[in-house]
Amino acid sequence: MSTRTDTRSDTPVAYGFEGNLRRYLRGLGGLIVFLLVWWVGAMLTQPSYLVPSPLDSVRAFIDLFATTTAIVVPVSGSSLVLPTGLAHLTETLFHYVPGLLFGAGGGIGLGLLMGWNGALDDWLRPLVRVLRPIPPLAWIVFAIVWFGIHHTGAAFIVFIGAFWINFYAAYGGVEGVAGDLTDAASTLGVERDLSMLKLVALPSAAPQVLTGFRTSIGRCWMIVVGAELFGAPGVGYEIINASNNLAMATSVAYMFLISLAFLCMDIGFRLFEGRVLAWR
Amino acid sequence: MALSSESPVNRESREKITVQNVSRAYDSTQALEGVSLSVGEGEFCCIVGPSGCGKTTLLRAIAGLDDPDTGSILVGGDPVTGPGLDRGMVFQEYALFPWRTVRGNIRFGLDRPACGCPDCEARARELIELVGLDGFEDAYPKELSGGMKQRVGIARALTPDPEILLMDEPFGSVDARTRDRLHTELLDIWAQTEQTVVFVTHDIDEAVKLADRVVVMDAEPGMVQSTVSIDVERPRERTAHDFVEYVAQIRAELGEPEPR
C-alpha cells in the first residue's frame with residue numbers, strides 16, 4: 001500500500017468521526033427532549049401515579065437493587081438470594097432461556113430438514129401453514145392446563161414463539177442455497193445428502209439462521225412478559241404486581257430492566273454474529 | 001485388427017471421453033440433439049458456440065451433474081452415472097464457498113473421504129503455489145478479484161488430482177489482460193498435469209489460443225456442427241497469420257460476420 005493512499009484515506013475517517021459525533025449528539029438530544037416531555041407531563045398529571053416522574057422511576061430502579069429477594073431455583077429446588085431486580089430477572093431467565101434455546105434448536109432443525117428434503121416438505125407444509133398463524137400467547141390455555149402457569153408453562157409459550165421464527169429463517173436459508181455450490185461440492189466428492197447439508201447448506205444458510213435467532217431474542221422477550229402477566233414468576237409478573245399496588249414507578253423500573261436485559265443480549269449476539277460471519 | 005500407426009507417445013491416441021448420440025430437452029427447448037463427440041486422453045478440447053447451443057449442458061452431462069434424455073457418455077470406457085473425482089469442474093461464476101478462505105476452499109476438496117493425500121496441508125500449499133496465490137491463503141473470496149477467484153476455482157478442481165478438467169466459460173467474467181495471463185497459466189498447468197481438458201467458451205479467439213481441437217456447436221437444436229484441429233505451435237500469437245485464419249474459419253462455420 002502506498003503512502004499516498006494512506007494520507008488520502010485519512011480525510012474520510014475524520015469525516016466519519018465527525019459524522020458519528022453528530023449522530024450521537026442528535027440521539028442524546030432526542031433522549032433529553034423525551035425526558036423533558038415525560039417530566040412536564042408527570043408534573044401536570046394528577047393523581048401522580050398515572051404518570052410516575054422520571055426521577056421517581058430512577059429511584060424505584062435503584063431500589064430494585066437495594067433490597068434482596070430469595071427465589072427458588074427450578075429442578076434443584078434450592079433457594080437463591082439476589083438483589084430484588086436481579087432475582088426477578090433471573091426468574092424470567094429460568095423459563096426464557098430454555099424456551100428460547102429449545103425453540104430455536106427445534107425450529108432450526110426442522111427448518112433445515114424441511115428446506116432440504118422435498119418429501120418431508122410435502123408432508124409437513126400444510127400442517128405448518130395451519131399452525132404457524134396461531135399467536136404463541138394463544139397457547140397459554142394449554143400451557144396452563146398441561147404444565148400449570150409456572151416456569152414450564154411459560155417456557156412452553158416462549159418455545160413456540162422461538163420455534164417459528166427460527167423455523168422460517170432456516171427453511172428460507174436452506175432453500176436459497178446456490179445450485180452452483182452444491183454442484184461444486186458434488187464434483188469434489190460430497191455424495192451423501194447429510195454431508196451436503198452439513199458442509200454446504202448449513203454454512204450457506206448461516207447468515208439467515210443467525211438473523212432469525214437474533215429476531216427471536218427480541219420477540220421472546222415480548223412473549224415472556226405476556227406469559228408472566230398471567231402469573232408466571234419474573235419481571236413481567238412484577239410489572240403487574242407493582243401496578244396492583246399503584247407503585248407505577250416500580251413498574252417503569254421493571255420495564256427498563258427488561259429493555260436493558262434485551263439490549264445486552266442483542267449487543268452480545270451481534271458481536272458473536274459479526275465474528276462468525278466475518279466472511280460476508 | 002489393423003496395427004495402430006500412432007506412436008505411444010501420442011497422448012491423444014486413446015479416447016478419454018466418448019459422447020454418443022446424446023439428446024437433452026428442457027421444457028420447450030432442445031438443448032442437445034444427437035450430439036456425438038470424443039476427446040482423446042491428454043487433449044485440450046474447446047467447445048465453442050452461440051448461447052443456447054447446449055455447450056454448458058454437454059459439459060454438465062460429462063461432469064455427471066445433468067442426465068441426458070437419451071444417448072450415453074463414457075469416461076475412460078465407463079458410463080457416467082454421476083459426479084466423480086476423476087472429473088474436476090471449474091465454474092463460470094467460480095462457485096467458491098464464501099464462508100471458507102482460499103485455503104479452506106482448497107482443503108474442501110482434499111478433506112473428502114476419498115482423499116488419500118499423506119499431507120493435505122502440504123498439498124494445499126503446493127496447489128496455492130501452482131495457481132500463484134501465495135500470501136492470500138487466509139483471504140475470503142469476497143476479498144479477491146475475479147481472476148484470483150478463478151485461480152482458487154482451478155486449484156480446488158485440481159485437488160482430487162482428476163484425470164479430466166471440465167471448464168465452463170471460466171474466464172468469461174475477468175478482464176482481458178487477466179484472461180491472457182490466466183490462459184498462459186492454464187496451459188502451463190495442463191503441461192504439468194497432463195490432464196484431459198474440456199473447455200467451454202463463446203470466445204473464438206480464446207478457443208483457438210488454447211485448444212488442440214475446437215468443437216463448433218450450433219444452436220436450436222444444439223448439435224455439433226464441425227470440429228477444427230488447431231495445428232499451431234504454442235505459445236500462440238493472436239496476430240499470427242495462421243491464428244487469424246483459424247479464427248476466420250470458425251467464425252464462418254458459425255455463420256458470424258467478420259468483425260470490422
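**A helix pair in chain B and its surroundings**

Modeller: The crossing of α2(B) and α4(B) is right-handed, a term used when the near helix is turned clockwise from the far one by less than a right angle (anticlockwise is left-handed). The model is predicted, so local features need pLDDT of at least 70 and side-chain atom pairs count only at pLDDT 80 or more, while totals for chains, interfaces and linings use all residues. Residues are numbered from 1 along each chain as its sequence is written, with chains lettered from A and ligands numbered from 1 in the order in which they are written.

Helix α2 of chain B comprises residues 102–111 and helix α4 of chain B residues 146–158 (helices are DSSP runs of H or I, at least four residues, and strands runs of E, at least two, numbered from the N terminus). Their axes lie 7 Å apart and meet at an angle of about 25 degrees (axes are lines fitted to C-alpha atoms, for helices over the stretch in contact, with angles from 0 to 180 degrees between N-to-C directions). That angle makes α2(B) roughly parallel to α4(B) (under 35 degrees; over 145 is roughly antiparallel, 65 to 115 roughly perpendicular, the rest oblique). On the α2(B) side, the contact is formed by Val102(B), Asn105(B), Ile106(B), Phe108(B) and Gly109(B); α4(B) supplies Val152(B), Ala155(B) and Arg156(B). Contact here requires C-beta atoms, placed from the backbone, within 7 Å. Five of the residues joining α2(B) to α4(B) are nonpolar, two are polar and one is charged (Ala, Val, Leu, Ile, Met, Phe, Trp, Tyr, Cys and Pro are nonpolar; Asp, Glu, Lys and Arg charged; the others, Gly among them, polar).

The interface with chain A also involves this part of chain B. There, 21 residues of chain B are in contact with 12 residues of chain A. On the chain B side, β6 (87–90) and α2 are the elements that give two or more residues, and β6(B) gives the most, with three. By class, this side of chain B has 14 nonpolar, three polar and four charged residues.

Asp27(B), in the loop between β1 (15–26) and β2 (29–40), has a positive phi of about 45 degrees although it is not a glycine. Glu220(B) and Pro221(B) are joined by a cis peptide bond, with omega about -5 degrees, and Pro221(B) sits in the loop between β9 (213–218) and β10 (223–229).

A cis peptide bond joins Gln46(A) and Pro47(A), where omega is about -10 degrees, and Pro47(A) belongs to the loop between α1 (3–44) and α2 (54–64). The domain assignment of chain A gives domain 1 (3–44) and domain 2 (61–276), whose C-alpha centres are 33 Å apart.

Two helix contacts in chain A share α10(A). Helix α2(A) packs against α10 (residues 248–276) at about 70 degrees, with axes 8 Å apart; the two are therefore roughly perpendicular, and their crossing is right-handed. Asp56(A), Ser57(A), Arg59(A), Ala60(A), Phe61(A) and Leu64(A) of α2(A) meet Ala249(A), Thr250(A), Val252(A), Ala253(A), Phe256(A) and Leu257(A) of α10(A). This contact of α2(A) with α10(A) has eight nonpolar, two polar and two charged residues. Helix α8 of chain A (residues 193–229) packs against α10(A) at about 170 degrees, with axes 11 Å apart, and α8(A) and α10(A) are therefore roughly antiparallel. Among the residues making that contact are Arg214(A) and Trp221(A) of α8(A) and Phe262(A) and Asp266(A) of α10(A). The residues of the contact of α8(A) with α10(A) comprise 10 nonpolar, one polar and three charged.

Finally, the unreviewed UniProt entry annotates "transmembrane region" at several stretches of chain A, including residues 61–82 and 252–272. In the model, residues 252–272 of chain A are 100% helix and 0% strand, with end C-alpha atoms 30 Å apart. Residues 61–82 of chain A, by contrast, are 18% helix and 41% strand, with end C-alpha atoms 15 Å apart. UniProt also places "domain: ABC transmembrane type-1" (unreviewed entry) at residues 89–266 of chain A, a span that is 84% helix and 0% strand in the model.

Key
Contact = placed C-beta atoms within 7 Å. Domains from an automatic or database assignment. UniProt positions renumbered as here; feature names shortened; annotations may be inferred.
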